[in-house]
Structure formats: structure tokens, C-alpha cells
Amino acid sequence: MDAAQQESTARARELQRSWYGEPLGALFRRLIDDLGLNQARLAAVLGLSAPMLSQLMSGQRAKIGNPAVVQRVQALQDLAGQVADGSVSAGEATDRMEEIKKSQGGSVLSATSQTTHSTGAPTVRRVVREIQSLLRSVAAAGDIIDAADSLAATQPELAEFLRVYGAGRTAEAVAHYEAHQS
């Protein structure tokens, strides 16, 4: 890859971070891992061609042009959170992915299904992902770590919060959240 291509890819990933909270490669890899998919299956559920998914993941393309696909991505993120917290089984997740695949976007995402499970309360994982998304929409992980380092001496708890939610893994952030809610 030449310097111009590297610069273009880096720019696309920064645009993705500003639009989607993180580069799509990281987001899609997490969905693949969390939901037990491969790239071809993820592309099919989202309603993208496999080459388009690959271009979005690699940073060759920056933006998802179809709003219904963006909503399907959000629905899959919600589903992955529900699978992770145990409120949806793997079998139920497979059925829900088929519903998501058939959706035109808006019908899958209601205020309730987006943020809650059967008890009506937001799931811990959902809350954590919202915090992560918000932090990552305002700064890159390296900048968040730099900010945390500058705060560490005088505000260690805030520095830890920035590190865990701004640059850490979701599982670490969930553990941190649960430890601080008791």
C-alpha cells in the first residue's frame, strides 16, 4: 500500500470513528466474535455485499450509505449485548438475526428493544457500550489515554474511568461498572 492509500485509509477510519464511534473494522470484528458469525454471514444479515463489507472494514470505504444498514448494525450491537448479558440465548439470537436481516430498518429499533430487556431496565452492557461510544466519538483511544495519564496524579479515579471506558475492552468496562454500582 502506498503512502496515498495509507493516508486515505487513515482518513476513512477517522471519519468512521466520528460517525460510528469507532472504525467499522473493529465494530464488525466485535459483532463477528460476539455473535459467532463469519464475514459472509454478517454481510448477509446487514444487507451488504461481501466486498462492500470488506471495503468498510479495511477503510477503503468510509461510510455506510444505506440508513437501513446503519440501523441493522445498531440492532446487531444491541443483540450482541443481550447475548453477552445472557438475556438472549444463542438460538434466539439466530432467529433475531433473521428478523434483523429482513427489516427495512426502523421497525426493529424501538426505544424499548434498543435499550432494555424483559425487566424494562437498561442492560449493564448496553449502558457501558453507550458510555464507550460517547467517549470514542469525542476522542481517539490514544488521546483518551493521554488525557488519563495527565489526570492520574490528581484524579486517579477519573483517569481509571477514561482508560477503562475510553480505550479498554467492553468486558473490562462491564466489570468496572458493576464494581462501582454496589
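Mentor: Begin with Arg 72, which is buried yet has no salt bridge. Buried means under 20% relative accessible area, with a 1.4 Å probe and protein chains only. A salt bridge needs a side-chain nitrogen of Lys or Arg within 4 Å of a carboxyl oxygen of Asp or Glu. Lys and Arg count as positive, Asp and Glu as negative; His and the chain ends are not counted.

Trainee: Which side chain of opposite charge is nearest to Arg 72?

Mentor: Glu 98, and it is 11 Å away.

Trainee: What does the side chain of Arg 72 reach?

Mentor: The backbone oxygen of Ser 103, at 2.7 Å.

Trainee: Which residues does Arg 72 touch?

Mentor: Contact means heavy atoms within 4.5 Å. Leaving out residues up to four places away in sequence, Arg 72 touches Val 45, Leu 46, Gly 47, Ile 100, Lys 101, Ser 103 and Gln 104.

Trainee: In which helix does Arg 72 lie?

Mentor: Helices are DSSP runs of H or I, at least four residues, numbered from the N terminus. Arg 72 lies in α5, residues 67-84. The protein has 11 helices and 0 strands (E runs of at least two).

Trainee: Where is confidence lowest?

Mentor: This is a predicted model: local features need pLDDT of at least 70, side-chain atom pairs count only at 80 or more, and totals for chains, interfaces and linings use all residues. Residues are numbered from 1 along each chain, and side-chain values use heavy atoms, without hydrogens or water. pLDDT is the predictor's confidence in each residue, from 0 to 100. Helix α7 (residues 111-115) is lowest, at a mean of 38. The protein's mean is 83.

How values were computed:
Buried means under 20% relative accessible area, exposed over 50%, partly exposed in between (1.4 Å probe, protein chains only). A polar contact is a pair of N or O atoms within 3.5 Å; within protein, one must be able to donate a hydrogen and the other to accept it, and residues adjacent in sequence count only if both atoms are side-chain atoms.
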